[in-house]
Structure formats: structure tokens, C-alpha cells
Amino acid sequence: MKIDVRGEICPYPQVKTVAALKKLAASDQLEVLTDHPPALETVPAQAARLGYVAEITEVGSAEWCIVLRKTS
Amino acid sequence: MSGEVNPAQSPTLIPSGVQPSIVPRRRRLNVALGVAAGAAAFFIFVATAWSDRLLAVFWLFGLAFGFVLQRSRFCFASAFRDLFLLGDARVMKGIIAGLALATVGFAVLMVRLVPEVGFGSLPPGATVLPLGIHTLLGGVLFGVGMVLAGGCTSGSLYRAGEGYVGSMIALLGIMVGLEISSHTWNWWWAFHISRAPLIWLPEQLGYLGGILVTLLGLLVSFLVVSWWEFRTSIMLPAKSADGHTPSSFGEHLRVLGHTVFVKGWPVVVGGVALGVLNVFLYTYRHPWGVVAGLGIWADKLASAADLGAGELLGRSSLAGCAFEPETASALGHMPLLNLGVIGGAFIAASLASEFKLRIPRQPLRYVQSVGGGVCMGYGAGLALGCTVGAFFSAIPSLALNGWVFAMALTIGAFLGVKLLNRLP
């Protein structure tokens, strides 16, 4: 699953990611495209609570992709 | 062919195989912009120092506040909001650390300003404000507004500098709210505020008592939010430290530069840095405040349209962000402090290549930014300050109004989160 939360004001990048994780199939991974720097700290922390690990890659100037996978 | 989708233009989320040359080029452009802005900021500093030393000092402090806020992603709104939204107290703990440090620093300054505590002898500059219903009402309104708009006044300033369009709109909303509150000020003054007491803790408890009670209050707050965090969530494992040690002095410097300018700072470092800056700013005249500068701008704009609030009763006797529209200048030291925050955040964001115009796509977000801004503005006008002036500068001033405003902000943030959860 992929979500695009670019342009969103705080705290929607975090809130929408958590909502998406809760709907995610167990085998699937979530890709979050964001331009909100605070999300780089809050999203991995929130995801860890739900049992996901985060991997962040910079995909543009001030744009990041956070890939969230279930910890096995 | 119109029916076919060009795979190269299809809306894939992650530009797979990102054009490797474009990202570094954009980053270099961003950094160059930051360096140019830094040079311009320095030029403004020199130019203002020539005419008025106080202006130059406040400009410089504004830049420093903006830089620290951006680097540590320090957000007063999220500190209160995330207690209820995520059960997270990370930012609140950073604020408490900054407050504890500023309390000691302010105390040293205040003891020198007013060595003998007697009745009616408040230290000049300290944010001791009338305490009453307006403090509570203002704090609750402000708390709701900052959650809806996604940032408080200082947050909106620095996010505007990072390119958040929603925050720029929130700033306009705040100014509208402030102007509305200026128009109702004289009524509030006659009805309630003129009779509200100024409660400065050293007057009741002596300096030592006031400092100890404040530090104890901060310790209790720290324990309560830690318990709250523990109760509502699982504690997170600490990040594993990078085991790599720099091998040469050059690499050491590079790592240091990367840590300061590119990688975000831990929020506690941000809180402590803001506390230290606030103590130093107080040595020049008075501590940090945002609302005065915004209120002055709001009234200048309103006056230009013949909608100015005119004389505000009792303002000359009040501290903190109680500006007097008649005598204030649109480019005085308080407005310059705010411009500095925007400038400092822009410089910091550009150097870290985090500057970008962020345009919300949902129309509702614009309504939230304006509505939340107006709520914040009206609340800050009533309480004579925001999360900065009436809270971050008030608690270290050993003023009881800071604690009451903090409680009201917490209630407001709680209500704001309830509202936020109902919005799409």
C-alpha cells in the first residue's frame, strides 16, 4: 500500500500513516511519501508501537519515502 | 494518444530510479539559498546595529530562536497535543528541561533587578500578568486553536520560514483574532482584567520559596507526563547509537557540521537551547514573546483600513506581550524578533535542504488554519501572550499566571484533539 501525505499540515502525516497501518494486510508493506520533517521522527516511533520497522530514503529535496514493514 | 497513460508520467508515488543528478542539484540550490539568506541576515544585523542596538539584538535573537526551533523541530503545540493524540510526552519533556534551566537563569537576573522583595516591586521585564478568568479562557481558546491549525504562534512563524503555506495562513488568522481581541479589550479591562491580581511567587514565598516551588512544580509535571506516556503506550527502545568513530579531525568536523546543520537535533537539546537564549534575551530588556509583534502588525494593518482599535486601557501598566498600538512601530524590536524567527528558520531549513513550499490539497485544511488562527489570536490577546510569552517566559518569571495558562492550554489541547479526531 502507498500513501501520499505531501502538503499536509501537522499532525496529519502521522495520523494518516497510523490509520493506514491499522488497515494494512499482514503480508503487505506501507510506503509513505512525505515532505514533513517531523514525521521522520514521529512515524517510525508510532510504527514501532504497532510492530513495524521503518526505513527512510530521501527521494527529493525535502521529500522522503518511509517504508514500513512488519517485524518478523 | 489520449486514452493511453504514459508510464513515465503515471502518478507513481516514489519516483523510482530518481533522477540521481536532480536531487543533489536541488540540494545545492537549497544550501546556496540558505547561505545567501544568512549573508542578508548578517547585513540587516549590521545595518540595524548602526541605528539602534536594541533592534539589532532582537533581530539576532529572533534568528537564533528560528534556527533552534527549525533544527530541533520544536513545536509547543505538538507538546500539548501529542499527550492526547499519541500518548507521547517527548516534546513536553524538552519544554520542561528548558523551563527548569530558564527558571534558574531568570531567578539570578531577577534577584539582581529586585534584591529586596516587597509589595508591588515586580522585576522589570518579568512576565507577571493579571490572573483571572481571561487567563483560563484565553488558554483554552489558544489550545484548541493551535491543535486545529497544526502549530502555535512561534510554530507558525518558523514553519512559515520552512515553506508551509498552511502556517502562513494561520499567521493571518492569528492577526485577525488579535485585532478582534484588541477591539474587545477595553470591555474586558473594565469588566475583569483591571481588578485581576498579579501574583509573583517571590512576593508570597520569598525568592528561595518561589524558585523551589517552581522547580518542584516542573519535577511533578515531568513525573506526571512520564507516567501518562507509560500508561498510554509501550515505551520505545532507545535508538542504537552509530558505533562508527571518526578517524581524523577533518572527519570529526564534518560529522559535527552534519549534526548541527543537517541532521535534526534531539528535542531536549532544542528545549535547553531555547531556555538559554531566553535568559540571555532577558538580560537585554525582557524575555521572549511573539504576540506583541504580531498584534502590532495586526493593528497597523487594521488602522490602514480605518479599523484600528485605538487606545487600549491599562496597557502601559502591563508586562509581557501587552503592546500599545498607538506608540508601537511596525518595525520595532518585537516585530523584528518575529521576522528573525522566520528568517532563522528559513536559513536553517535551506542549509538542511528542508525548505519547500508545502501546499495543502484538502480545502478543509485552509479552514482549519484560519479558524485555529483566529481562536489562537483571540485567546492570546486575552491572556496577553501565547505558548511563548504567557507560558515559556512566564513560568521562569516565577509568575503564577504561567501555570494557570499551562493548565488551560492542556485542557484546550485535549478539546482540540477531540475535535481533530472528528475531522476527515
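Leu30(A) has Leu68(A) of S4(A) as its bridge partner. In this predicted model, strand S2 of chain A and strand S4 (residues 63–70) of chain A pair in the antiparallel sense, over 5 bridges. In general terms, the strands of a sheet pair through backbone hydrogen bonds, either parallel or antiparallel.

Stepping back from this pair, chain A has an open sheet of 4 strands in the order S1-S2-S4-S3, and the pairing is mixed. Its edges are strand S1 (2–4) and strand S3 (52–60) of chain A, each of which pairs on one side only. On average, and with direction ignored, neighbouring strands of the sheet are turned by 20 degrees against each other.

Helix H1 (residues 12–23) of chain A lies across S1, S2, S3 and S4 of chain A and runs at about 165 degrees to S2(A). H2(A) also packs on the sheet, where it touches S2, S3 and S4 of chain A, and its direction makes about 155 degrees with that of S3(A).

As for confidence, chain A has a mean pLDDT of 91, with 99% of its residues at 70 or more. Within chain A, the highest mean, 96, belongs to strand S2 (residues 30–34), while the lowest, 88, belongs to helix H2 (residues 39–49).

The contact between the chains involves 23 residues from chain A and 31 residues from chain B. On the side of chain B that touches chain A, two or more residues each come from helix H1 (22–51), helix H3 (76–85) and helix H13 (363–383) of chain B. H1(B) provides the largest share of that side, 4 residues. Sorted by class, this side of chain B holds 13 nonpolar, 9 polar and 9 charged residues.

Inside chain B, the axes of helix H11 (residues 291–304) and helix H12 (residues 333–351) come within 7 Å and cross at roughly 110 degrees. Because angles of 65 to 115 degrees count as roughly perpendicular, H11(B) is described as roughly perpendicular to H12(B). Among the residues making this contact are Leu294(B) and Trp297(B) of H11(B), and Met334(B) and Leu337(B) of H12(B). The residues of the contact divide into 7 nonpolar, 2 polar and no charged.

Elsewhere in chain B, Val176(B) sits in helix H7 (residues 165–191). Val176(B) counts as partly exposed because it has 18 C-beta neighbours inside 10 Å, whereas a buried residue would need 20 or more. Beyond its neighbours within four places in sequence, Val176(B) is in contact with Val374(B) and Gly377(B).

Definitions and conventions:
Residues are numbered from 1 along each chain as its sequence is written. Chains are lettered from A and ligands numbered from 1 in the order in which they are written. This is a predicted model: local features need pLDDT of at least 70, side-chain atom pairs count only at pLDDT 80 or more; totals for chains, interfaces and linings use all residues. Two residues are in contact if their C-beta atoms, placed from the backbone, lie within 7 Å. Ala, Val, Leu, Ile, Met, Phe, Trp, Tyr, Cys and Pro count as nonpolar, Asp, Glu, Lys and Arg as charged, and the others, Gly among them, as polar. A residue is buried if 20 or more other C-beta atoms lie within 10 Å of its own, exposed if 12 or fewer, and partly exposed in between; C-beta atoms are placed from the backbone. Axes are lines fitted to C-alpha atoms, for helices over the stretch in contact, and angles run from 0 to 180 degrees between N-to-C directions. Angles under 35 degrees count as roughly parallel, over 145 as roughly antiparallel, 65 to 115 as roughly perpendicular and the rest as oblique. pLDDT is the predictor's confidence in each residue, from 0 to 100. Two strands pair if DSSP finds at least two bridges between them.
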